[in-house]
Amino acid sequence: MENNIFVLGVVFLPFAGLIIALFVQNDIISRWIGLAASASGFVFSVVVLMQNMSIGPQIYRMGGYEPPFGIVLAADMLSATFGVMASAIMMAAFLYTLHCRDKAVRQRSFISLFLAMQMGLLGGFYTGDLFTMFVFIELLVLSSVALTAISDNLLGLEAAMKYLFMSAMGSLFLLIGISSLYASFGSLNMADIAQQLGTNERPLLAITSSIGLLCAFLLKSAVFPFHFWQPDFHTTAPTPVSAVLSSVVVKLGVYGVIRLETLLFVAERDIIGSWLLILGMIGIFFGGLAALSTYNGKRMLAYSTFAQVGFILLGVGWGTPLALAAAIIYAFNHAFIKSSLLMLFGVVASRTKAKTAALADVGGVGRTLPAFVGLLYLLGGMALAGLPPMNGFVSKVALVRSGIDAQSWFYVGAAVVGGSITLMYMFRTWQLVFQQQTDEDTTKLKDPGVHDSPLAPALLISTALALGIFAGPLFTVANRTVEQISDPQIYIDAVNPANAPEVTDAGPELTLDTAEGEE
Amino acid sequence: MDVLFALAVGLFFGIGVFQLLRRDLIKAAMGFSILFAGVNLLILAVGAYDSQIPAYASLAEDVQVSDPLVQALILTAIVIGFGSYALLLAMINVISRRFGTINSDEVKNLTK
């Protein structure tokens, strides 16, 4: 297959922007460079998704080495869908930085580090090589640690330290998993490993490596036993960074788990799936209850991410085509909702002098903002809780429907009960921030009109609304994705055409009714 | 040779984890770098084929040479580990100036 320059562009346009931003003195210009680089990356990722829909998986071989040697960027439907999601959110976050009043954003290195984060994220989604994935994940981790360490919130430093130690352990697990796979098969190319694993000759080391990789990906997603760093880290990061961290960076782990389950360890998917169901359910309840009882708005949303990743893991754990499609839809929709909510809380916090999102200090602060900000928060809360007509409703319906289809009544019941907790904490904070009478003592607040621009969250919420009303295209994309990933041979053939065997049948016909999701 | 590698990797991991859990942040950072050294040694040990002859050095046709790829991987991993270590030490430097201590328990309590 021909090298596709668009696949390279998605990963390396942010890199080009990074290099340029390093040499720019003026911080306003460098923010525009950041926006331009991330926006062009977004356009390229959309092109890659379109090409995937019409032609098939797109690849780019670095240096032109023949497979399975050399590094390959391979974007199939799964990578392309997650890539569109990630670059859209990154673009919105750069839009937010244009009118952000945080001191951290004015640091000279901020835009470069943020673009490094985008490169690591997109590279992690697009790479077809396990070791390169480790490199991109480390790039993502180091840049997000540095961004949180320079946060306006002084506690950011401590949280960043904690995350660096935790993620170092995750990277070690990833490296152990990768080296075990290399010892077993003498290859780092995912397609090549998948092909050799598919022959049912499984060395003991290969099974061990699945545990190492699973632990590493779950740590990136902040799933139950590996979650301790997450609330602090997502709360203290600068607002645009925390919006990205809590919405798309956790999805990198989800993506890795889906890859493990559908490409590499297909035979073990039942064992992996049963673990994911248990961990997901713990996440739903722990995250929901912790969000209900916390004292800080951003921290509440961080805990809520914990619960929402739990819902996605339920879908991945059921593992039926319907459930995988639901998990992908859920992941896609949640990214838009959570990033916009975190940005809205950042707008609210920017009204206070201390830039705090502590619930004790932001009561009624929302009333000093333009009225539509409250409406946006309400819509975001409805989306997170899964009420129509927002996209959260669509994803919840798809998930519950796939659970009923999988006859997994216990987990479906847990998901419905756990989802209702979301309703409580979102509406409680909406009332507190946007309905309650403003405090008479206005010395804590800045002068009227001084706040971050709510433009980026407004765009994200309108995207969420559009995805809720016109859910059809997303369902089509998700169905095509699942059709593709349920047959690992498609990915293997696309990456390593040299050893392509006879044509295989496409996956089973999917019966997900798109009309069901359109409300 | 394999036994020696296994013992060394185990020792590195043991010392590294012990140091990482210390309260002193400098010692924890050292544990961090020891752990990375341990995992680098592990990658070296899992080379897909091993031999005493260095890669690309032998001109003879059918001689088994040692695996060059793992050496390239370790080079990358060393650079990444070094970068993380540098960032970690820089953060410890800022912590020690901002909070006046590098004991992680005391840093936690100084929430100003």
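Modeller: A residue is called buried when its relative accessible area is under 20%, exposed when it is over 50%, and partly exposed in between. Please bear in mind throughout that this is a predicted model.

Biologist: Why is Cys100(A) called buried?

Modeller: Its relative accessibility is 4%, and buried means under 20%. Cys100(A) therefore counts as buried. Cys215(A), with a relative accessible area of 17%, is buried as well.

Biologist: How many disulfides are there over all chains?

Modeller: The rule gives 0 disulfides over all chains. A pair of cysteine sulfur atoms would have to lie within 2.5 Å to be counted.

Biologist: What makes the pair of Arg259(A) and Asp76(A) a salt bridge?

Modeller: The closest N and O atoms of Arg259(A) and Asp76(A) are 2.7 Å apart. The cut-off is 4 Å, between a side-chain nitrogen of Lys or Arg and a carboxyl oxygen of Asp or Glu, so the pair qualifies. Arg259(A) lies in helix α10 (residues 239-264) of chain A, and Asp76(A) in the loop between β2 (72-75) and α3 (77-98) of chain A. The two are 183 residues apart, and the pair links distant parts of the chain.

Biologist: Are Arg259(A) and Asp76(A) buried or exposed?

Modeller: Arg259(A) has 3% relative accessibility and counts as buried. Asp76(A) has a relative accessible area of 2% and is buried. Both conclusions follow because buried means under 20%.

Biologist: Which residue forms a salt bridge with Arg299(A)?

Modeller: The partner is Asp232(A), with the closest N and O atoms 2.8 Å apart. This pair too links distant parts of the chain: Arg299(A) is in helix α12 of chain A and Asp232(A) in helix α9 (residues 230-236) of chain A, 67 residues apart. The side chains of Arg299(A) and Asp232(A) also make a polar contact, at 2.8 Å, for which the cut-off is 3.5 Å.

Biologist: What else surrounds Arg299(A), and why is it called buried?

Modeller: Leaving aside neighbours within four places in sequence, Arg299(A) is in contact with Pro231(A), Asp232(A), Thr235(A) and Thr294(A). The relative accessible area of Arg299(A) is 15%, and under 20% means buried.

Biologist: How do you know that Glu261(A) and Arg269(A) meet in a salt bridge?

Modeller: Their N to O distance is 3.8 Å, and the rule asks for a distance within 4 Å. Elsewhere, salt bridges that share partners join Glu158(A), Lys162(A), Asp232(A) and Arg299(A) into one network. The structure holds 6 salt bridges over all chains.

Biologist: Why is Thr305(A) called buried, and what does it touch?

Modeller: Thr305(A) has 0% relative accessibility, and the limit for buried is under 20%, so the term applies. The residue is in helix α12 of chain A. Not counting residues up to four places away in sequence, Thr305(A) touches Gln230(A), Ser246(A), Val250(A), His334(A) and Lys338(A).

Biologist: Let us turn to chain B. What is its secondary structure?

Modeller: Chain B has 4 helices and 0 strands, and its elements run α-α-α-α from the N terminus on. Buried residues make up 33% of its 112 residues.

Biologist: How many residues of chain B are in contact with chain A, and what area is buried between the chains?

Modeller: Contacts involve 33 residues of chain B and 26 residues of chain A. The chains bury about 2700 Å² between them, 87% of it on carbon and sulfur atoms. In chain B, Ile80(B), Met91(B) and Arg98(B) lose the most area to chain A, together 19% of what that side buries.

Biologist: How many salt bridges and polar contacts cross the interface of chain B and chain A?

Modeller: The rule finds 0 salt bridges across it, and 1 residue pair is in polar contact. On the side of chain B that touches chain A, α3(B) gives the largest share, 15 residues. By class, that side has 25 nonpolar, 5 polar and 3 charged residues.

Notes: Residues are numbered from 1 along each chain as its sequence is written. Chains are lettered from A and ligands numbered from 1 in the order in which they are written. This is a predicted model: local features need pLDDT of at least 70, side-chain atom pairs count only at pLDDT 80 or more; totals for chains, interfaces and linings use all residues. Side-chain values use heavy atoms; hydrogens and water are left out. Contact means heavy atoms within 4.5 Å. Buried area is the accessible area (1.4 Å probe) that two parts lose on being put together, summed over both. A polar contact is a pair of N or O atoms within 3.5 Å; within protein, one must be able to donate a hydrogen and the other to accept it, and residues adjacent in sequence count only if both atoms are side-chain atoms. Ala, Val, Leu, Ile, Met, Phe, Trp, Tyr, Cys and Pro count as nonpolar, Asp, Glu, Lys and Arg as charged, and the others, Gly among them, as polar. Buried means under 20% relative accessible area, exposed over 50%, partly exposed in between (1.4 Å probe, protein chains only).
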